[in-house]
Amino acid sequence: MTQVDYWVMPSSLFHFKNSSSNETAFSFSTCFAFAIVPEYPKLRCHGLVFTVSHSKDFSTALPSQYLGLLNASDVGNFSNHIFAVEFDTVRDFEFGDINDNHVGVNINSIQSNKSAAAAYYNDELVKQDLNLKSGKVILAWVEYDSVKKLINVTLSPTSLKPKIPLFSYHLDLSPILKETTYVGFSASTGLLASSHYIFGWTFKLNGEVKFLDLDSLPSLPGAKKKHTESSQLLQLFKNADVIEPWELEIGPHRYSYQELKQATKGFKDSELLGRGGFGKVYNGILRNSKTQIAVKRRMNLKKACRDFVSEIVSIGRLRHRNLVQLLGWCRRRGDLLLVYDFMPNGSLDSFLFDQPKMVLTWEQRFKIIKGVASALLYLHEGYEQVVVHRDVKASNVLLDGELNGKLGDFGLARLYEHGSNPCTTRVMGTLGYLAPELPRSGRATTSSDVFAFGALLLEVVCGRRSIEPKPLARPSIRQVIRYLEGEILMPEAPTEQNADDGELRFDENERWNSLRSTNIIKSSSFTSLANGDEDDTFASFSTSPLPLLYSGEVRRY
């Protein structure tokens with residue numbers, strides 16, 4: 001299964017202190033045999049965690065990078081009272097992971113206080129690498145000395161404990177651990193399915209744990225039986241999902257076609273959320289988990305495979321709180337489907353243009369812009385490769401239930417290595433957001449993304465599109481930029497507004513350049529509220545922004 005988390009947590013409590021006061025926590029040691037078996041060995045899956053926690057209620061925990069232990073809102077909270085040792089097989093840049101095969105000590109967080117690449121020391125004290133997701137059984141020891149305030153973590157592929165731990169970490173666990181505490185394991189899956197096994201486990205307070213002999217422990221379950229040729233023919237006959245060679249490089253189907261068809265009520269128009277560059281987007285509810293999802297569907301277009309794979313490759317490995325999370329995907333002949341987290345407030349453009357759902361406050365607007373900026377910084381500098389989005393715009397910024405901005409739609413995204421130059425490609429994007437050098441160079445860069453972000457920023461502040469669908473007397477945002485750069489002459493100044501049709505009138509004898517010395521150009525600190533009330537002030541405007549419109553009277557402040 002994908003996008004699930006699960007726990008092994010015995011119901012009995014362990015007493016780690018003599019009382020609930022700030023006394024020193026007891027020493028403890030544990031040894032366990034585990035294995036991580038990905039469904040597709042060459043692809044990444046998420047790992048497991050040994051955890052000591054004051055609670056065994058993980059109902060709010062998330063799968064994937066949160067490993068079924070925490071969620072985005074409680075990461076790092078001292079009130080968690082969690083000590084954990086992660087055996088992680090995905091590199092998450094948001095939490096500072098060193099690689100995609102490491103062991104780390106975590107305190108109240110998913111970000112490790114101390115970590116090291118998975119390895120062990122042999123009898124000659126030579127360090128040997130270990131692959132956590134090899135599908136083979138690995139022994140692990142986690143030991144805490146309350147006198148030395150020292151944590152030792154040791155790995156071994158055999159029953160013999162190495163003489164040297166993988167790493168040691170000095171830390172007093174007394175403030176972290178409560179008097180009575182649960183001990184157990186947590187694990188999760190993400191975009192790719194995997195299996196996590198615990199074959200044997202010993203735990204002891206104030207003493208050495210019992211020896212575990214791998215030969216006496218259960219063996220790994222047998223491999224699943226492969227489909228026979230006749231069964232494959234039968235599946236093809238029944239229009240089952242067929243995997244082509246290029247799909248093996250990306251990963252397995254995350255959902256069956258029938259599951260998504262059922263979730264969206266047969267892709268009914270009543271479940272249609274909107275349309276994007278890739279295709280239609282439907283609302284859906286998964287039958288088993290009752291999870292609400294958004295399903296992006298493109299039908300009967302083989303040429304869409306390239307964009308489809310691009311989005312899978314790009315966003316499937318990205319992990320950031322301000323990126324729309326890809327949950328999975330499916331392909332059935334000509335039908336291509338992507339499954340995302342559902343964003344209840346839809347896209348940002350519905351809050352800015354035409355007749356917005358509501359008027360966003362300045363605080364809400366700043367939070368949205370800050371979130372998009374954080375996502376772009378991660379794409380450009382925080383990921384192992386440079387990710388150029390190429391289509392940053394208001395309709396691709398989605399809002400969750402708390403109006404947090406999340407950047408989505410990676411169908412045009414391109415990746416290249418840090419320090420290298422991006423290749424020339426076809427000019428792609430949306431008019432009004434394209435950097436002026438892009439049509440000439442044909443080279444999409446992080447700078448062209450930043451230009452698009454600047455256009456988005458102006459739209460959020462002004463409540464107007466960068467390019468209006470019909471000509472207006474007021475200049476477009478692009479024209480304003482050209483005025484400020486001195487590329488074109490300033491337009492005529494607005495002197496009158498028709499109250500009936502809202503159109504602006506201009507005095508042919510008066511030019512904008514006659515206003516250059518006024519505070520209008522210097523501070524842009526003038527406005528008019530839509531209700532036309534001349535007694536309203538700029539202070540009242542700042543708490544509930546509306547699209548900036550000129551009034552017939554120019555005010556100075």
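I looked up lysine 296 and found it in strand 17, residues 292-298. Strands here are DSSP runs of E with at least two residues, numbered from the N terminus. The model is predicted, so I note that local features need pLDDT of at least 70 and side-chain atom pairs count only at pLDDT 80 or more, while totals for chains, interfaces and linings use all residues. Residues are numbered from 1 along each chain as its sequence is written, and side-chain values use heavy atoms, with hydrogens and water left out.

The unreviewed UniProt entry puts a "binding site" feature at Lys296; such annotations may be inferred rather than shown by experiment. Is lysine 296 buried or exposed? Lysine 296 has a relative accessible area of 8% and is therefore buried (under 20%; exposed is over 50%, partly exposed in between, with a 1.4 Å probe and protein chains only).

Next I checked the cysteines. The whole structure holds zero disulfides, a disulfide being a pair of cysteine sulfur atoms within 2.5 Å. Cysteine 330 is buried at 0% relative accessibility, and cysteine 462 is buried at 14%.

Five strands make an open, antiparallel sheet in the order 12-11-10-3-14; two strands pair if DSSP finds at least two bridges between them. Strand 12 (167-170) and strand 14 (194-205) each have a single partner strand, so one side of each lacks a neighbour in the sheet. Strand 3, residues 28-38, pairs with strand 14 over 11 bridges in the antiparallel sense. I also looked up phenylalanine 34, whose bridge partner in strand 14 is isoleucine 198.

How values were computed:
Helices (H or I, at least four residues) and strands (E, at least two) are DSSP runs, numbered from the N terminus.
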